[in-house]
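Trainee: I have a new structure to read. Can you take me through some features, one at a time?

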Amino acid sequence: MSDDGIEWIIPGADWPLAGAHRGHAGVADLLHMSSELETSFPKPPEFVAQGDRVLMIGFSRGKVKATNRRFEDNFVFAITVRNGKVTKIREYIDTLAMAWASETTGR
């Protein structure tokens, strides 16, 4: 369902999932790393589509397993679909909450 050249961008710098993940191998690595999070979605996300763009809008809560720190996150995923395949995902998330939950040293 994803294009060979898929790009998944997660903003931030102070947590493990942040960065640009490219191609099937990059997305596979990202999905493997995301198993280090326990995440729940209290309500199903909302989807808005127009042309080749889909927005997924929602709220999640969870914790980072390595630190046992919890987070809450209002998010938007901007997804581009071309020729029936996902070509780009750009996350808009609470980067501070995710960095704090990933922090291994005390504040």
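Trainee: Is Asp 52 buried, partly exposed or exposed?

Mentor: Start with the terms: buried means under 20% relative accessible area, exposed means over 50%, and partly exposed lies in between, using a 1.4 Å probe and protein chains only. Asp 52 has a relative accessible area of 30%, so this residue is partly exposed. Some ground rules come next. This is a predicted model, where local features need pLDDT of at least 70 and side-chain atom pairs count only at pLDDT 80 or more, while totals for chains, interfaces and linings use all residues. Residues are numbered from 1 along each chain as its sequence is written, and side-chain values use heavy atoms, leaving out hydrogens and water.

Trainee: Which residue forms a salt bridge with Asp 52?

Mentor: The general idea is that side chains of opposite charge can pair when their charged atoms come close. The cut-off: a side-chain nitrogen of Lys or Arg within 4 Å of a carboxyl oxygen of Asp or Glu. Here Asp 52 pairs with Arg 82, and the closest N and O atoms are 3.2 Å apart.

Trainee: Where do the two partners of that pair lie?

Mentor: Helices (H or I, at least four residues) and strands (E, at least two) are DSSP runs, numbered from the N terminus. Arg 82 sits in strand β6, and Asp 52 sits in the loop between β4 (46-50) and β5, so the bridge ties together parts 30 residues apart in sequence. Arg 82 is partly exposed, at 47% relative accessibility.

Trainee: Which residues are linked in a network of salt bridges?

Mentor: Glu 7, Arg 22 and Lys 88 are linked that way. Arg 69 and Glu 103 also form a salt bridge, with the closest N and O atoms 3.5 Å apart. Arg 69 is in strand β6 and Glu 103 is in the segment after α2, 34 residues away. Arg 69 counts as buried, at 17% relative accessibility, whereas Glu 103 counts as partly exposed, at 29%.

Trainee: Now backbone angles. Which residue has a phi near 55 degrees?

Mentor: Most residues other than glycine have a negative phi. Asn 83 has a positive value, near 55 degrees. Asn 83 lies in the loop between β6 and β7 (85-92), and is exposed, at 81%. Asn 68 also has a positive phi, near 60 degrees. Asn 68 is in the loop between β5 (53-64) and β6 (69-82).

Trainee: Which residues of helix α2 are buried?

Mentor: In α2 (residues 95-102) they are Ala 97, Met 98, Ala 99, Ala 101 and Ser 102. Their cover includes β3 (37-40), β5 and β6.

Trainee: Last one. How many residues line the largest pocket?

Mentor: On a 1 Å grid over the protein atoms alone, a pocket is an open set of points where a 1.4 Å probe fits, with protein on both sides within 12 Å along at least five of seven lines; lining residues have an atom within 4 Å of a point. Here 19 residues line the largest pocket, and Leu 37, Thr 39, Phe 41, Phe 77 and Glu 91 lie nearest its centre. β6 gives the most to that lining, with 4 residues.

Methods: Contact = heavy atoms within 4.5 Å.
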